[in-house]
Amino acid sequence: MSCKTILAKEISASYREELKKTIKSREIKPKLVGFLANEDPAAIKYAKFTSKTCEETGIIFELRKCNREELEDQIAKANEDDGIHGIIVYYPVFKNHRDQYLQNTVRSSKDVEGLHNIQFPIKNYIIPCTPLAIVKVLKYIKVYNPVLSHGNRLYGRVITIINRSEIVGRPLAALLANDGGKVYSVDINNIQVFYRGTGLKLKKHEVQDTNLKLEEILPISDVLITGVPTPSYKVPTVLLRDGVVAINFSAFKNFEDNIKEKASIYIPTIGKVTIAMLERNLLRLYDYQLKVN
Ligand code: NAD
């Protein structure tokens, strides 16, 4: 078995060091406020991780727990507070359309998660942090081919993403397809393909519905990224290509125990990279606020 397991801690180390250095040398105190209005174990864990990493890097992090009915007012107050540079809300809150509404109540100049920009992540300054973290992971393990020109570095790669949520799977598929990959985007209902066409003849990706089944795309996928929020969901290793790159961002392990028998690289979690991207976004917003205030 020659699978290499790579931990998020290793991938995020250089970003964390850079953040620490910058914050120390500039003698600044960026402040992030997190709102927790649920009892979701994944959200609580994410909040704890955020607190620990912020402390290490020199960012002030304050966790505010509140009732979900009070959340909108609390966000409005934080929007007006010049001492707060970034706001993160731990989802799910209502588990329905109200969560999308809440995302838009965070002022865009304080939106560290980049959730205002999910429709057009390519054009924006603050890229949604989980998709951005996965791009950084793919660069770290050289799935992005540095010999090719910028914007085409995933040309020739077939990537399957099992998750098409508005905050992770869909913007991620768009980012990877715009960098030249052929991306199969799987959700509970169907499989879509995001692609710039043969020879990358299109400048921007197109999205098409397909009638493909998971059994047909897994054996041809160079990279498989999973984000199914269900403990019982496991991708059958037997269907995977020999040497596949397997990345899981779900709070639950979406791969079977024998994944290392088929994968060349296995990344079991990415949380630490996401938090590093969140902190990077916070610094950008801090600088933006300095300029406009
Ligand atoms: P979500 O519920 O909004 O979306 C889940 C997606 O999975 C949907 O597209 C759904 O159609 C798809 N899905 C569900 N069951 C499926 C099945 N059987 N087959 C195919 N597709 C299926 O969730 P989300 O906000 O995208 O989060 C997903 C997971 O990722 C959660 O466990 C969350 O905690 C985790 N997460 C991790 C990070 C991180 O940085 N590590 C960041 C965000 C979310």
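Me: What makes strand S5 (residues 158–162) and strand S6 (residues 182–186) a pair?

Reply: In this predicted model, where local features need pLDDT of at least 70 and side-chain atom pairs count only at pLDDT 80 or more, totals for chains, interfaces and linings use all residues. Residues are numbered from 1 along each chain as its sequence is written, and side-chain values use heavy atoms, with hydrogens and water left out. Now to your strands: two strands pair if DSSP finds at least two bridges between them. S5 and S6 share five bridges, in the parallel sense, so they qualify as a pair. Within that pairing, Val 158 stands opposite Lys 182 in S6.

Me: Which helix packs on the sheet beside these strands?

Reply: That is helix H6 (residues 169–178), which touches S5, S6, strand S7 (191–195) and strand S9 (223–226). Touching, or contact, means heavy atoms within 4.5 Å. The direction of H6 makes about 35° with that of S7; the axes are lines fitted to C-alpha atoms, for helices over the stretch in contact, and angles run from 0 to 180 degrees between N-to-C directions. The helix and strand names are DSSP runs numbered from the N terminus: helices are H or I runs of at least four residues, and strands are E runs of at least two.

Me: Why are S1 and S8 called edge strands?

Reply: The open sheet has eight strands in the order S1-S11-S10-S9-S5-S6-S7-S8, with mixed pairing. Strand S1 (4–5) and strand S8 (206–210) each pair on one side only. S1 is joined to S11 by two bridges, running parallel, and two is just what the "at least two" rule asks for. Thr 5 stands opposite Tyr 266 in S11.

Me: How do you know that strand S11 is largely enclosed?

Reply: Four of the five residues of S11 (residues 263–267) are buried, so the strand is largely enclosed by the rest of the structure. Buried means under 20% relative accessible area, exposed means over 50%, and partly exposed lies in between (1.4 Å probe, protein chains only). S11 also pairs with strand S10 (residues 244–248), through four parallel bridges, and Tyr 266 in S11 is the bridge partner of Ala 246.

Me: What makes a group of residues a nonpolar core, and which members touch the most others in the largest one?

Reply: A nonpolar core is a set of buried Ala, Val, Leu, Ile, Met, Phe, Trp, Tyr and Cys residues joined through side-chain atoms within 4.5 Å. The largest core has 55 residues, and Leu 32, Leu 138, Ile 141, Leu 176, Ile 225, Ile 247 and Ile 267 touch the most other members. Helix H8 (residues 271–292) gives the largest share, eight residues. At least three core residues come from each of domain 1 (19–108) and domain 2 (129–271); these bounds come from an automatic or database domain assignment. A second, separate core of 20 residues includes Tyr 184, Ile 217, Leu 224 and Val 228.

Me: Thr 274 and Asp 287 both have a place in helix H8. Why is Thr 274 called buried?

Reply: Its relative accessibility is 4%, so Thr 274 counts as buried. Leaving out residues up to four places away in sequence, Thr 274 touches Tyr 46, Cys 129, Thr 130 and Ala 133. Asp 287 has 28%, so it falls in the partly exposed class.
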